[in-house]
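Subject: Structure handover and findings

Hello,

Here is the structure you asked for. Please open it alongside this message. My notes follow below.

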Amino acid sequence: MSEQAEKLQHILETIPRLYRGPGGAIAVLKDGELIAQKTWGYADLNKRIPITSQTLMPICSISKQMVCALLMDLEDNPPPEIAAKGPFQQQMETALRSLAPSLLTQGTGLTVRHLCDMQSGLRDYWALAMICGAKPDDRFTIEGDGKTLLSMYKTFHFEPGTEYSYSNINFYLLGRLIEIITKEPLPKLLEERIFRPRKMTTAQLIPDTAKQPGNCFGYEGDEQHGFLPTVNRIEWSGDAGITASLEDMTAYETYFHRQWSEKGRYYTTASPQVYKDGHSAPYSYGLSHASVEGVATVGHAGALRGWRIQRRYVEQERLSVVVMFNSENLSAGKAADHIIKKALNLPEPQIPDITPDTAWFGDFLDRETQLSITVSRGPKLGQIVLRYARDPENVSIVAPDRAESPDNVASIDGDILTIRRVKENRTLVAQRIIEQTITDGSRLQGKYFCSEMETTFVCEGRDNMLYGAFDGPLGHGPANLMRRLGENVWAWACPRGLDHSPPGDWTIVFSEDADGVTNGCTVGCWLARRLDFPKSQDAL
C-alpha cells in the first residue's frame, strides 16, 4: 500500500465514529483507481445484515448527471431512425414545446439547456406538491401526479437563463422528452448506454421508491431517539431513480476521471457556464461545481428520505470521493468535504475575531420574493447564521456590518439586510420584520385560493396559535403549525416532504385592503417563490 493510500485508509477509518448512524460505504480513487474503501454498519438493523461494497442504495439526484450523459450520447450516437429526423438536440427542443404548457414556451426563451443547468426558472415540483395537498407518505406517480403538476405551470419565478434555482421538474421533463423521442423507457436506455459501458454491473433505474432492490433500508431518526426504517412511496425518473452499489459508483468514478482528464466534449459541455448577464453559473449539465477551502471540485449530492449520498471529483488532484449513508440525518456532503480536506492537508478556515453588529440579528423579508430570512449568532464569535434556504448557512464576519462566505456576501445597514447569493445570481434586499403583539388572529382565518396551482390555503385558529393546510389537486394536506415572525409575516412549518427533507419553512405574507381587511396572501419558499393566494370572496 502506498503512503497516500495508507493515509486515506486511515482517514476513512475515522468516518464511522464522526458520522454515527446505521451504516455507510465510502471510497476514494486516485487517477481513476481505487486506493481506499470503508464499509460499516448495517443495511438492515433488525436482521443485522451488514453493508458491503455490493449493497445497493438509491443514489437519488446523482442520477441527473447520468441522464445528461445519456442525452449527450444520444446526440452523438442517435439510432438511425432518429438521426433521419434531424439533430437530436433540435428534436428535444421541439418536444419541449409540445410537452410543457404553452405559456412556458411561447416567447419565453426556455431551452433544454436551461433544464440541464437549473436555469429554467420553473418552481420545484416536490416543493409544490406540499402546497398542492400532498401528504408526506402519499403515493406519487410519474404518469398521474407528475403530469398533473406539470400541466399547472403558468409562470416562472425568474426569467430563464438569468438565475439558478434547484428544480427537479427540469429533469423530470428531460426524462420524459428522451422517452418521447426514442420511444424507449429511460431505464432501458441508461442500462444500454450508460451503466454497462461504464461497468456499473448492478446499477439500474428503479422509478418506484417502494420497490428498491436489495436488502438495504434507509432510516429516519437519530441515535438519541432511535432509527426507524423509512417509508417511500413516490416515483421519479430523470430527476432521480438510479440504484447502485459502492462498486458501481467506483466504476463510474473511473470513467468520470478518464473523461475529465481527457477534457473532451463531456468535460467541455459540463464545465461552468454563464448566465445571461455574463456572471459564472456553477451548475452545469447535472453537475455542481464548488470549492472545498479554495480547491475546485465537481460532483453532486443525492437524497431521499432515509438516504444521503455524495460524489465529488477534485480535478487538480485527480481524486474522487464517494460517500453513501443509509440515514437521512447524516451529511454525506460534510463527510466528503472532511475527507478531501484531510487528504489534501487543507487548513481549517480562519474565522475573524470580529464582533458582529447587533443589527444583524432578527427576521427580515425580501422585498421581491416575499421570503423571510432569519439571521442569528453563529457557532463562533466571528460568524452569523443565515436561514433562507433549507439548511442554515454559516457566514464569516469580515467587518461589523459585512459578512462573506463562498455562497453569500451580506451586509447590514440598520433595518436593511442585503445578501448577494453568488451561486444563484440573485441579490436579496430585505426589510427587518418588526415584532408586534397580536391579540386576535381570527381576522386571518379563512380560505385563500391560488388559481395557478388550483389550491386552497385554509387558515384556522386564533391569537398567535394558527394552523395552515392546503387542499389541491394532490389531495387534502395535513394541518401544520404557523409561527408569527411579526407584522403580517408568518412561517408555515413543513417538517416532512414527499422526497426527503422539505424545502424549509414556507413564508406566508398576508395583505390588507385600504380598510385593514385581510384580502389575500403570498406563499413561497426558496424553491418555489411567491405564489398569490387571494382570499376567497365568501371569506372576506
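**Two glutamates in loops**

Glutamate 487 sits in the loop between strand E28 (480–486) and strand E29 (489–492). Bear in mind that this is a predicted model. Glutamate 487 has a positive phi of about 50°, although it is not a glycine. Most residues other than glycine have a negative phi. Glutamate 487 is partly exposed, with a relative accessible area of 31%.

Glutamate 454 also has a positive phi of about 50°, and it is not a glycine. Look for glutamate 454 in the loop between strand E24 (446–450) and strand E25 (455–462). Its relative accessibility is 45%, so glutamate 454 counts as partly exposed.

**Helix packing**

Start with H8 and H9.

Helix H8 covers residues 142–152, and helix H9 covers residues 169–182. Their axes come within 12 Å and cross at roughly 120°. H8 and H9 are therefore oblique to each other. The crossing of H8 and H9 is left-handed. Which residues meet there? On the H8 side they are Ile142, Gly146, Lys147 and Leu150. On the H9 side they are Ile169, Tyr172, Leu173 and Arg176. By class, this contact of H8 with H9 has five nonpolar, one polar and two charged residues.

Next, H9 and H10. Helix H10 covers residues 186–195. The axes of H9 and H10 come within 9 Å and cross at roughly 85°. H9 and H10 are therefore roughly perpendicular to each other. From H9, the contact uses Gly175, Arg176, Ile178, Glu179 and Thr182. From H10, it uses Leu186, Pro187 and Leu189. The classes in the contact of H9 with H10 are four nonpolar, two polar and two charged residues. Note Arg176 of H9: it is listed in the contact with H8 and in the contact with H10.

Last, H2 and H10. Helix H2 covers residues 63–76. The axes of H2 and H10 come within 10 Å and cross at roughly 75°. That makes H2 roughly perpendicular to H10. H2 brings Met66, Val67, Ala69, Leu70, Asp73 and Leu74 to the contact. H10 brings Leu186, Leu189, Leu190, Arg193, Ile194 and Phe195. What classes does the contact of H2 with H10 hold? By class there are 10 nonpolar, no polar and two charged residues. Leu186 and Leu189 of H10 meet H2, and they are also part of the contact with H9.

**Cysteines**

How many disulfides does a search of the whole structure find? The count is zero. Take cysteine 450. The closest cysteine sulfur to that of cysteine 450 is in cysteine 132, 7.8 Å away, which is too far for a bond. The cut-off is 2.5 Å between sulfur atoms. Cysteine 459 is in no disulfide either. Its nearest cysteine sulfur belongs to cysteine 521, at 8.1 Å.

Are these cysteines buried or exposed? Cysteine 450 is buried, with a relative accessible area of 2%. Cysteine 459 is buried too, at 1%.

**Two single sites**

Glycine 241 lies in the loop between strand E7 (226–229) and strand E8 (242–244). At 4% relative accessibility, glycine 241 counts as buried. Leaving aside residues up to four places away in sequence, glycine 241 touches Cys60, Ser63, Gln204, Leu205, Ile206 and Trp236. Ser63 falls in H2, which runs over residues 63–76. Glycine 241 and isoleucine 51 are 190 residues apart along the chain, and their C-alpha atoms are separated by 20 Å.

Proline 50 is in strand E3 (residues 49–50). Buried or partly exposed? Proline 50 counts as partly exposed, at 46% relative accessibility. Its contacts are Gly41, Tyr42, Ala43 and Thr55, not counting residues up to four places away in sequence.

Best wishes

Definitions and conventions:
Residues numbered from 1 in each chain as written. Predicted model: local features only at pLDDT ≥ 70, side-chain atom pairs only at ≥ 80, totals over all residues. Heavy atoms only, no water. Axes fitted to C-alpha atoms, helices over the stretch in contact; angles between N-to-C directions. Helix = DSSP H or I, 4+ residues; strand = E, 2+ residues; numbered from the N terminus. Parallel < 35°, antiparallel > 145°, perpendicular 65-115°, else oblique. Left-handed = near helix turned anticlockwise from the far one by under 90°. Contact = heavy atoms within 4.5 Å. Nonpolar A, V, L, I, M, F, W, Y, C, P; charged D, E, K, R; others polar. Buried < 20%, exposed > 50% of the residue type's maximum accessible area, 1.4 Å probe, protein only.
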